[in-house]
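Please look at the sequence and the structure before reading on.

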Amino acid sequence: MLTFRALQRNKTLKYGLPMLLLVVGGSFGLREFTQIRYDAQKTRKKLDPTLEAKVNPQKQSVILEDEYQKMKDVNLEEWRNIRGPRPWEDSKEYQQQQRSRQGKAA
């Protein structure tokens with residue numbers, strides 16, 4: 001009985017032992033949770049077969065050639081950069097002004 005009360009009054013056993021168990025147990029718990037996280041990332045990184053074919057370096061040149069053909073067909077001589085409305089401007093009114101300016105220029 002006397003030793004049990006002495007153990008209850010001992011601050012090392014009362015506060016230090018639970019803290020030590022929390023730190024060590026937390027370390028093992030965090031290891032498990034991070035392992036789950038990395039396993040989930042591995043499954044997300046697996047590509048869809050159609051997307052993997054597009055990313056494949058052997059087929060990359062074919063994709064670049066297709067994009068080059070698309071860009072070649074675009075007429076850049078008649079392209080104009082038209083700015084969009086500012087947040088404080090009324091978008092419908094601004095669009096009407098832009099259309100009227102395009103009509104005058106054409």
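## A residue and its contacts

Leaving aside residues up to four places away in sequence, Q98 touches I82 and R83; contact here means heavy atoms within 4.5 Å. Q98 lies in helix α5, which covers residues 91-105. Its relative accessibility is 15%, so Q98 counts as buried. Buried means under 20% relative accessible area, exposed means over 50%, and partly exposed lies in between (1.4 Å probe, protein chains only).

## Basis of the model

The model is predicted: local features need pLDDT of at least 70, side-chain atom pairs count only at pLDDT 80 or more, and totals for chains, interfaces and linings use all residues. Residues are numbered from 1 along each chain as its sequence is written, and side-chain values use heavy atoms, without hydrogens and water.

## The chain as a whole

The chain holds five helices and zero strands. Helices (H or I, at least four residues) and strands (E, at least two) are DSSP runs, numbered from the N terminus.

Of the 106 residues in the chain, 2% count as buried. The chain exposes about 10,500 Å², of which carbon and sulfur atoms supply 59%; such areas come from the Shrake-Rupley method with a 1.4 Å probe, and for residues only the protein chains shown count as cover.

## A nonpolar surface patch

A nonpolar patch on the surface, including L13, M19 and F28, has about 970 Å² of accessible area together. Helix α2 (residues 11-45) gives the largest share of this patch, nine residues. L13 is found in helix α2 and is partly exposed, with a relative accessible area of 36%.

Patches are made of residues with over 30% relative accessible area and no salt bridge; like charges are joined within 9 Å, and nonpolar side chains (Val, Leu, Ile, Met, Phe, Trp, Tyr) within 5 Å. A salt bridge is a side-chain nitrogen of Lys or Arg within 4 Å of a carboxyl oxygen of Asp or Glu.
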